[in-house]
Amino acid sequence: MSVPRFWRKQIARYNLVGTRCKKCNEYFYPPRNMCPGCRREGEIEDFKFTGKGEVITFTVIHTAAEGFENQTPYVLGIIKLNEGPSLTSQIICEPEEVKIGMKVKPVFRKLGQAGERGMIYYGTKFVPDLC
Amino acid sequence: MSVGIISYGAYVPKYRIKIEDIARVWGDDADILKSGLMVNEKAVPDVDEDAATIAVEAARAAVSRSGIDAQRIGAVYTGSESHPYAVKPTSTIVAEATGTTPVLTAADFEFACKAGTAAVQACMGLVSSGMIDLGMAIGADVSQGAPGDALEYTAAAGGVAYIIGNKESELVAVIEDTYSFTTDTPDFWRREGMPYPEHGGRFTGEPGYFKHVTGAAKGLMDKLGTKPEDYDYAVFHQPNGKFPVRVSKKLGFSREQIEPGLVVPRLGNTYSGSCMMGIAATLDQAKPGDRIFATAFGSGAGGDAFSITVTDRIEEIRNNAATVEELLANPIYIDYARYAKHKGKIKVA
């Protein structure tokens, strides 16, 4: 990933900032700048998600893509945030711990890096919410 | 005008390795090491954790504990000896991830294990002078110990953030004064580009730790006219359990005074987070009016001493974030092989 490409989405990745349509109360993550329902009638504003949600589905990765070899086995899941939108993220827990419907909360982690010399990408992952 | 702590937050990774597991790999006697170092286990970062992620988690805990508007923070200083970048600040990552950007000053601090308390002092100065409303000082590390080196038994991971302010109604603890004692003493270092630090073995003790901790601690008590018995609690930098126990005794503090802040047996040495973690653990249980004496030590070398008095507000905000005890509870124990994987000692690509 190029440096500017990551940087443009940095706030969204760090702080789960998405958008919301004030007209129909639909929430979007990643952020949309136009409401697909209300079209030009929509009123889009930034919205910071709490990051609380639940696991919709998951898979356990044993054969990782380049850059993730040192993390196997790890859990990749689709999280439905309490406000509505779903997103794909790593879930930080033991593979035998994850379950569909499990409550999760956000944590700040390294998402990857551009080799030994390149930039380090940080952002949000999820952990079981035991509280 | 008073200056002090308006909030604090700590973070400890959930993984631990026991001394027995490290000793088994190198053929050392775990019982001798445990009784000598007074450390039973140490915190290990996850594969995707580093000093920046730990600093962010601690900083977010500090912001949410007090419920302040993060935009009021005018300075973010992160102290660490394991900043993920050699050039590029950790503090900008923390500032962005805590919502304090863009109107603030930020920089990274480095002074071995006392970079975090040096950051606290800088924030005290900026707040007291009126240059900023609030300042955030963080000590966070994923400290390194070369495989087989004595440091490997204690070099741990963790971080603590303090938000410094001067509005009386917001202070959970007043910092009455601070005093530093610094000389050029090469007891521990890491050269540019080197993965692991070097140290002077026993030289780190008397001319390093003990000289600078006692220099700073006695200096502050002389300056304030206080004695060890004037304090309810005491915290000293914890590279292991032995050093803070010995220095506290030498200075005239009791074992009871240091016990609540002595987190090293279950945590290891969190370097820039070490003394700050001990203060946080003490604030977790201190009562309004209690006085805390704290002295951080950084190799290289220097000591930063603080005299702190807890206010009534501690009771209002204490339970809004995880306590150090909660962070230390229910760890996941890993063996040396997994520890090596987490610390990047195994090259997979």
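Is Cys38(A) buried or exposed? In this predicted model, Cys38(A) counts as buried, since its relative accessibility is 17% and the cut-off for buried is under 20%. Cys38(A) has the sulfur of Cys24(A) as its nearest cysteine sulfur, 3.6 Å away, and is in no disulfide; the pair would have to lie within 2.5 Å to qualify. Over in chain B, Cys275(B) is in no disulfide either, with the nearest cysteine sulfur, that of Cys113(B), sitting 10 Å away. Cys275(B) is also buried, at 2% relative accessibility.

Chain A also holds a sheet. Three strands make up this open sheet, in the order E2-E1-E3 and with antiparallel pairing. Strands E2 (26-28) and E3 (44-48) of chain A take the edges; each has a single partner strand, so one side of each goes without a neighbour in the sheet. From one strand to the next, the twist averages 35°. Strand E1 (residues 17-21) of chain A pairs with E3(A) in the antiparallel sense through 5 bridges, and Thr19(A) stands opposite Asp46(A) of E3(A).

On to the helices of chain B. Here H3 (residues 51-66) and H4 (residues 90-98) have axes that come within 9 Å and cross at roughly 40°, which makes H3(B) oblique to H4(B). The contact draws on Ala52(B), Ala55(B), Val56(B), Ala59(B) and Arg60(B) from H3(B), and on Thr90(B), Ile93(B), Val94(B), Ala97(B) and Thr98(B) from H4(B). As for handedness, the crossing of H3(B) and H4(B) is right-handed.

The backbone has some details worth a look in the loops. A cis peptide bond links Tyr29(A) to Pro30(A), with omega at about 0°; Pro30(A) belongs to the loop between E2 and E3 of chain A. In chain B, Thr101(B) and Pro102(B) are joined by a cis peptide bond with omega of about 5°, and Pro102(B) is placed in the loop between H4 and strand E5 (105-109).

Positive phi values turn up in non-glycine residues as well. Lys88(B), with phi near 135°, lies in the loop between strand E4 (73-79) and H4 of chain B. The relative accessible area of Lys88(B) is 35%, so this residue is partly exposed. Tyr271(B) has a positive phi near 50° and is found in the loop between helices H9 (264-267) and H10 (274-283) of chain B. With a relative accessibility of 2%, Tyr271(B) counts as buried.

Methods
Residues numbered from 1 in each chain as written. Chains lettered and ligands numbered in written order. Predicted model: local features only at pLDDT ≥ 70, side-chain atom pairs only at ≥ 80, totals over all residues. Heavy atoms only, no water. Pairing = 2+ DSSP bridges. Helix = DSSP H or I, 4+ residues; strand = E, 2+ residues; numbered from the N terminus. Axes fitted to C-alpha atoms, helices over the stretch in contact; angles between N-to-C directions. Buried < 20%, exposed > 50% of the residue type's maximum accessible area, 1.4 Å probe, protein only. Parallel < 35°, antiparallel > 145°, perpendicular 65-115°, else oblique. Left-handed = near helix turned anticlockwise from the far one by under 90°. Contact = heavy atoms within 4.5 Å.
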